[in-house]
Amino acid sequence: WAAAGYDALGRVLTARGQLVEGESWLRKAMALRAALGAAERSNLATSQVNLGLNLVSQGKYEEAEQLMESGDALAVESLGADNPLTLQLRSLHARSLLIAGNFKKAEQILAEDEARATRTLGADNRTALTLRQLRATALAQMGRTDEALKIHRDLVVRLPAVTSDASLELAETLAALANVAQALDLFEEARAASERSVAIYSGIVGPDSLAVAVAMQPMARATVMAGDYAAAEPMLRRMLAIHQKVTGLKTVPAALTQAYLSIALSSLGRGEEAEREARAALSTTLSSENERNPNLVDVLTALAMANQLNGRLSEAETLNRRALDLRRTLLGADSPSTILTYFTLADTVTQQRRFDDARVILIKGRDDAIRVLGADHSVVAKFRLALGLLEFGALRPTAATKELRAALAIQERLFGRDSSEAVQTRFWLGMAIIGALLTALP
């Protein structure tokens with residue numbers, strides 16, 4: 001009973017963001033259960049997994065993974081692989097792998113256990129649905145966003161019948177759906193899903209809880225990505241205020257929020273403020289003891305934008321190249337996030353007037369985007385537009401016309417003929433056509 005109390009207290013403290021104090025109590029629980037011997041083997045597995053989750057939140061990935069592996073083995077040995085508690089503990093292991101950026105291993109565990117849970121408990125069992133939701137999150141991080149979107153949409157329909165219209169599982173799934181929709185440029189769906197998630201979390205754990213700040217992340221990111229920086233700023237500041245109140249700003253989730261605030265501030269032309277937020281985020285992320293943390297990439301991108309705005313182009317390029325290398329390592333060369341990094345890098349190189357280098361980078365990004373996302377994706381239009389403008393500026397109007405015409409066709413299909421994107425591209429296409437005609441004159 002004492003061990004159970006220690007474990008419960010440690011989990012509560014961890015959930016509240018008091019990670020060091022939570023770790024202390026979880027270690028006491030684990031030590032006591034280990035001393036109690038064979039009768040406590042399944043509970044020892046639980047203690048190891050709970051401590052592992054705490055350590056992951058502190059960035060201590062190596063020790064956390066060792067504990068998780070040990071907890072998995074103990075649970076399988078003492079309870080059996082098909083036992084619901086074993087499946088639950090392995091789902092927590094997968095969560096820790098997602099946080100640590102080991103998406104491939106997380107997906108492998110979740111695929112195995114989802115099949116096992118579906119077979120033994122039924123397709124609509126809560127455990128099976130939770131495993132499916134986590135697997136979709138892993139798929140999204142691996143660049144398989146279309147698969148992830150399909151799973152999350154299905155879960156949003158299924159979960160209310162199994163849980164309720166305002167369950168934590170539904171709130172978590174809506175937040176995950178918002179993240180995937182945002183990655184696919186489905187900004188309205190991302191905002192709507194995030195708003196529903198925030199509303200559910202607010203009703204269950206309160207409007208100033210850490211869960212609300214985390215659930216607001218995709219809504220704020222979608223607002224940033226949609227270019228509505230003025231609307232994004234107050235959202236991000238509210239999130240930071242929650243982080244400050246609950247856990248302080250020296251945590252990775254707070255650092256990620258600072259990074260997106262920095263991006264918004266850079267886009268609003270407030271370079272000094274943007275750089276201050278980005279450097280604070282970088283300091284926190286680097287101190288998390290492991291540069292494999294996927295959040296570091298967004299922080300590097302934010303700092304690169306601030307440096308670029310403040311005229312430090314060489315430092316911005318170095319940061320963007322570092323972000324590209326990390327995304328290749330963590331997410332793979334075919335991840336949409338990796339491909340988009342080529343666009344950011346090309347912009348930095350262009351501002352240094354190294355147009356041939358920028359052209360090579362944009363062609364690489366365009367070709368990868370076509371191969372991975374399809375020729376009609378908005379990201380392809382983004383690369384084609386940038387490449388067309390670069391060719392136009394380099395006095396190659398025929399090449400510019402080809403890229404701009406292709407970009408316009410995509411934009412008209414996706415956003416409509418009268419959208420702001422299509423109108424802007426149509427203007428530059430007209431200029432390129434005129435340039436090509438003038439070039440052809442004797």
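## A pocket to start with

About 310 Å³ of space lies in the second largest pocket. A pocket here is an open set of points on a 1 Å grid over the protein atoms alone, with protein on both sides within 12 Å along at least five of seven lines. Its volume is the space filled by probe spheres set on those points, which are joined across faces, edges and corners.

This is a predicted model, where local features need pLDDT of at least 70 and side-chain atom pairs count only at pLDDT 80 or more, while totals for chains, interfaces and linings use all residues. Residues are numbered from 1 along each chain as its sequence is written, and side-chain values use heavy atoms, with hydrogens and water left out.

## Who lines the pocket

The second largest pocket has 15 lining residues, and D146, L184, L186, H377 and S378 are the ones nearest its centre. To count as lining, a residue needs an atom within 4 Å of a point. Helix 8 (145-162), helix 18 and helix 20 (397-415) each give two or more residues, and helix 8 gives the most, with three. Helices are DSSP runs (H or I, at least four residues), numbered from the N terminus.

The lining splits into seven nonpolar, four polar and four charged residues. Ala, Val, Leu, Ile, Met, Phe, Trp, Tyr, Cys and Pro count as nonpolar, Asp, Glu, Lys and Arg as charged, and the others, Gly among them, as polar.

Search the whole structure and you find one cavity of 30 Å³ or more. A cavity is a set of points where a 1.4 Å probe fits but cannot get out. The largest cavity has a volume of about 40 Å³. Around it sit L129, T130, Q133, L159, E169, E172 and T173, with helix 7 (126-141) and helix 9 (168-183) each giving two or more residues.

## Helix 19 and a partner

Now for helix 18 (residues 355-373) and helix 19 (residues 378-393): their axes come within 9 Å and cross at roughly 155°. Axes are lines fitted to C-alpha atoms over the stretch in contact, and angles run from 0 to 180 degrees between N-to-C directions. That makes helix 18 roughly antiparallel to helix 19, a label for angles over 145 degrees. The contact holds 13 nonpolar, one polar and four charged residues.

Definitions and conventions: Parallel < 35°, antiparallel > 145°, perpendicular 65-115°, else oblique.
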